[in-house]
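Please keep the model open while reading.

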Amino acid sequence: MVKGTYQKTNPRLSYLVALLKETARENDAKVWRVIAQNLEAPSNNYAEVNIGKINRYAQDGETILVPGKVLGSGVLNQKVSVAALNFSESAIGKITGLDGSCMTIEELVAQNPKGAGVRILR
């Protein structure tokens, strides 16, 4: 390994970063390049977003992208689709309890390669 470079050891993360960069190039979607750069950073810099913050900033029916983990603290009172690297069990329960959906970032990229109408929360 060359001094100063770092390779992610999690194969899912390496695949996801490559997928995001490729999708950004093919669809001229800068949103995916920004997320790839966030995920290339050290994992202790990943976002940790509570349900309460999602409730505060999201509109009903909106798609939210969290480049990190969604945590279950707070109250959610609107239907949202949330894509994230990871979810806590309580966050999944609160999101799906209101007919919202939880998905991986990979699933969101497959559904929406242009990245249109996606709100990023950090």
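## The α1/α2 pair

Helices α1 and α2 run roughly antiparallel to each other. The model is a predicted one. The helices pack at an angle of about 155 degrees, and angles over 145 degrees count as roughly antiparallel. Their axes lie 8 Å apart. α1 covers residues 11-27, and α2 covers residues 30-40. The crossing of α1 past α2 is left-handed.

Which residues of α1 meet α2? The α1 side supplies Leu13, Leu16, Val17, Leu20, Lys21, Thr23, Ala24 and Arg25. Facing them in α2 are Trp32, Arg33, Ile35, Ala36, Leu39 and Glu40. By class, this contact holds 9 nonpolar, 1 polar and 4 charged residues.

## Glu106 in α5

Glu106 sits in helix α5, which spans residues 105-111. Is Glu106 buried or exposed? Its relative accessible area is 18%. The cut-off for buried is under 20%, so Glu106 counts as buried.

Beyond its neighbours within four places in sequence, Glu106 is in contact with Arg12, Tyr15, Leu16 and Leu19.

## Val75 in a loop

Val75 belongs to the loop between β2 and β3. Those strands cover residues 63-71 and 81-87. Val75 has a relative accessibility of 59%. Exposed means over 50%, so Val75 counts as exposed.

What does Val75 touch, leaving aside its neighbours within four places in sequence? The contacts are Ile51, Gly52 and Asn55. Lys53 is 22 residues from Val75 in sequence. In space, the C-alpha atoms of Val75 and Lys53 are 9.0 Å apart.

## The whole fold

The protein has 5 helices and 5 strands. From the N terminus, the order of elements is α-α-β-α-β-β-α-β-α-β. Among contacts between residues at least 6 apart in sequence, 41% join residues at least 24 apart.

How does the radius of gyration fit a compact globule? For 122 residues, such a globule would have a value near 14 Å. The protein has 15 Å, which agrees. The C-alpha trace spans about 50 × 30 × 20 Å along its principal axes. Buried residues make up 44% of the 122 residues.

Definitions and conventions. Residues numbered from 1 in each chain as written. Predicted model: local features only at pLDDT ≥ 70, side-chain atom pairs only at ≥ 80, totals over all residues. Heavy atoms only, no water. Axes fitted to C-alpha atoms, helices over the stretch in contact; angles between N-to-C directions. Helix = DSSP H or I, 4+ residues; strand = E, 2+ residues; numbered from the N terminus. Parallel < 35°, antiparallel > 145°, perpendicular 65-115°, else oblique. Left-handed = near helix turned anticlockwise from the far one by under 90°. Contact = heavy atoms within 4.5 Å. Nonpolar A, V, L, I, M, F, W, Y, C, P; charged D, E, K, R; others polar. Buried < 20%, exposed > 50% of the residue type's maximum accessible area, 1.4 Å probe, protein only. Rg over C-alpha atoms; globule rule 2.2 N^0.38 Å.
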